[in-house]
Amino acid sequence: TAFPQLYFSELAALVSPSASVKNAANANVMEAIRKIKMRQLYNGGVMLWENESSEHWWTSVYAAHFLLEAKKAGFEVDPSLLNTLLDYLINQLKQKRIITYYYNRNLNKKIAPKEVAYSLYVLALAGRTQAATMNYYKANSELLSLDSRYILAAAYAMAGDKNKFREILPSSFSGEVSVQQTGGSFYSEVRDEAIALNVLLDVDPGNAQVPVMAKHISENLKSKRYLNTQERVFSFLALGKLAKAAASSDITADIRVNSKSVARFQSAEVSLGMKELGGSSVELVTSGNGTLYYSWVAEGISVSGAYTEEDSYLKVRRQFFDRFGKPLNGNSFRQNDLIVVGITLEKSVSGAVENIVLSDIIPAGFEIENSRLRDLPGMDWIKGESQPVALDIRDDRINIFVDLTQNRQTYYYSVRAVSPGVYRMGPVSADAMYKGEYHSYHGGGIVKILP
């Protein structure tokens with residue numbers, strides 16, 4: 001998410017015009033650079049998660065792209081970090097791998113991994129063009145997905161060969177709709193077209209396909225209920241470049257609630273809350289030239305504490321046990337009780353669902369005591385415990401990052417009841433980070449801790 005902040009700090013300043021915005025963006029970029037360095041392995045590749053034993057190809061090429069642009073933007077990037085990462089990409093390209101690509105709902109075919117074209121583009125951007133490999137895939141274009149053909153074409157343009165750019169560039173982004181993935185290269189319909197438009201804007205911003213693709217991406221963004229990081233970032237990069245290049249606008253707008261004017265937009269952002277927008281009818285009445293953008297955002301917890309329980313392809317459930325494995329029923333506990341929390345995750349789809357975050361919001365009277373119970377005495381009743389990919393423990397919740405490879409997996413951690421009182425307990429949730437339609441929310445309520 002630091003990637004767009006390299007380019008669009010001025011757009012961020014429009015959203016939040018405080019002097020700290022640019023400094024915050026710079027800090028985020030520098031922290032991202034630090035994390036990449038910490039996650040680089042001896043072979044130059046970068047891990048997706050901390051403390052893994054192997055690198056992740058898409059993460060590595062994405063990190064290399066980010067580092068190149070960060071360097072161009074004036075940030076300090078360790079040359080050895082970048083050079084060894086680029087060397088890793090070159091070595092990956094030598095292997096000529098083939099994967100199964102899923103598209104158009106129920107079709108599949110064998111193609112080169114999507115990391116191939118992206119790596120070739122990033123290497124060309126770095127001045128380390130792999131001409132022989134590019135020519136191989138140009139001659140075997142049936143091995144490339146639709147978005148990869150755009151990216152390979154852009155790699156040729158980046159290397160200065162506009163003739164081959166025009167030869168391989170598809171005439172339109174159509175005919176192939178990738179089936180969204182939860183791992184690997186995280187491809188999806190939105191991400192693929194957004195990354196294709198992003199590279200096209202870098203090498204041929206006046207191309208006639210640009211407005212068509214931008215409109216298509218915008219429509220897809222509006223129709224999707226959930227957007228993952230890859231979809232958000234590449235869409236923002238592509239559409240942000242268009243917004244930045246747009247002609248200045250003199251548009252104004254009157255914001256009306258129940259036909260009564262509550263605010264007027266002229267040039268600076270207008271931000272309104274429920275107090276102003278609490279009516280049943282909201283209108284934006286514009287005048288002048290240009291395009292006006294607005295967003296409607298709701299966040300937080302409802303006053304009543306209500307939420308929607310639902311299982312969509314995933315099913316998550318939470319259960320409490322005492323330290324000896326006896327299930328605890330009801331919602332009352334004694335101060336100083338040790339409570340073992342078991343979180344069970346199931347799926348109703350075939351195949352693995354990768355990169356799921358389980359988030360358990362705990363009541364304020366609990367404190368997380370131990371996130372790994374395997375080595376504690378008296379816990380031998382725990383059987384078949386699954387191991388998470390990563391953990392993120394906070395004051396009010398625990399986030400458990402997992403890959404769901406079995407139909408049912410269970411994770412355990414312990415809490416201590418520390419403060420007597422009556423507390424609200426949030427639901428336990430499961431969300432596939434790269435496919436938001438896969439989710440489950442269950443089990444909020446009230447917890448009593450007795451002295």
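Is Lys260 buried or exposed? With a relative accessible area of 60%, Lys260 is exposed. Here buried means under 20% relative accessible area, exposed means over 50%, and partly exposed lies in between, with a 1.4 Å probe and protein chains only. The model is predicted, so local features need pLDDT of at least 70 and side-chain atom pairs count only at pLDDT 80 or more, while totals for chains, interfaces and linings use all residues. Residues are numbered from 1 along each chain as its sequence is written, and side-chain values use heavy atoms, with hydrogens and water left out.

Lys260 belongs to strand 4 (residues 260-265). Helices (H or I, at least four residues) and strands (E, at least two) are DSSP runs, numbered from the N terminus. Glu283 is 23 residues from Lys260 along the chain, and the two C-alpha atoms are separated by 9.3 Å.

Aromatic rings come next. A pair of aromatic rings is described by the distance of the centres and the angle of the planes. Rings of Phe, Tyr and Trp (its six-membered ring) pair if their centres lie within 6.5 Å. Planes under 30 degrees apart count as stacked, over 60 as edge-to-face, and the rest as tilted. This rule gives 18 aromatic pairs. One of them joins Trp58 and Tyr118, a tilted pair with 4.8 Å centre to centre and 45° between the planes. The pair links distant parts of the chain. Trp58 is in helix 3, Tyr118 is in helix 5 (residues 114-125), and the two are 60 residues apart. Trp58 is buried at a relative accessible area of 2%. Tyr118 is buried too, with a value of 1%. A stacked pair is formed by Tyr101 and Tyr103, because their ring centres are 5.4 Å apart and their planes meet at 15°. Tyr101 counts as buried at 1% relative accessibility, and Tyr103 is buried with a relative accessible area of 14%. Ring pairs also build a cluster, which links Phe3, Trp58, Tyr62, Phe66, Tyr118 and Phe234.

The rule requires NZ of Lys or CZ of Arg within 6 Å of the ring centre and within 35 degrees of the ring normal. The charged end of Lys96 sits over the ring of Tyr136, 5.0 Å from its centre. Lys114 lies over the face of Tyr187, and here the distance to the ring centre is 4.4 Å.

A cavity is a set of points where a 1.4 Å probe fits but cannot get out. A pocket is an open set with protein on both sides within 12 Å along at least five of seven lines, and lining residues have an atom within 4 Å of a point. Grid points are joined across faces, edges and corners, and a volume is the space filled by probe spheres set on the points.

The second largest pocket has a volume of about 1,100 Å³. It is lined by 32 residues, and the closest to its centre are Thr1, Lys35, Arg39, Leu48 and Tyr434. Helix 2 (20-38), helix 3 (57-72), helix 11 (229-245) and strand 12 (390-393) each give two or more residues to this lining. By class, the lining has 19 nonpolar, 8 polar and 5 charged residues. Ala, Val, Leu, Ile, Met, Phe, Trp, Tyr, Cys and Pro count as nonpolar, Asp, Glu, Lys and Arg as charged, and the others, Gly among them, as polar.

The structure holds 1 cavity of 30 Å³ or more. At least two lining residues come from each of strand 7 (314-321), strand 10 (353-361) and strand 14 (408-417). The lining of this cavity divides into 9 nonpolar, no polar and 2 charged residues.

Strand 10 also holds Ser359, which counts as buried at 11% relative accessibility. The side chains of Ser359 and Asn399 are joined by a polar contact of 2.8 Å. Such a contact is a pair of N or O atoms within 3.5 Å; within protein, one must be able to donate a hydrogen and the other to accept it, and residues adjacent in sequence count only if both atoms are side-chain atoms.

Backbone angles close the account. Most residues other than glycine have a negative phi. Asn51 has a positive phi, near 65°. Asn51 lies in the loop between helix 2 and helix 3 and is exposed at 76% relative accessibility. Arg105 also has a positive phi, near 70°. Its place is the loop between strand 1 (99-103) and strand 2 (107-111), and Arg105 is exposed, with a relative accessible area of 82%.
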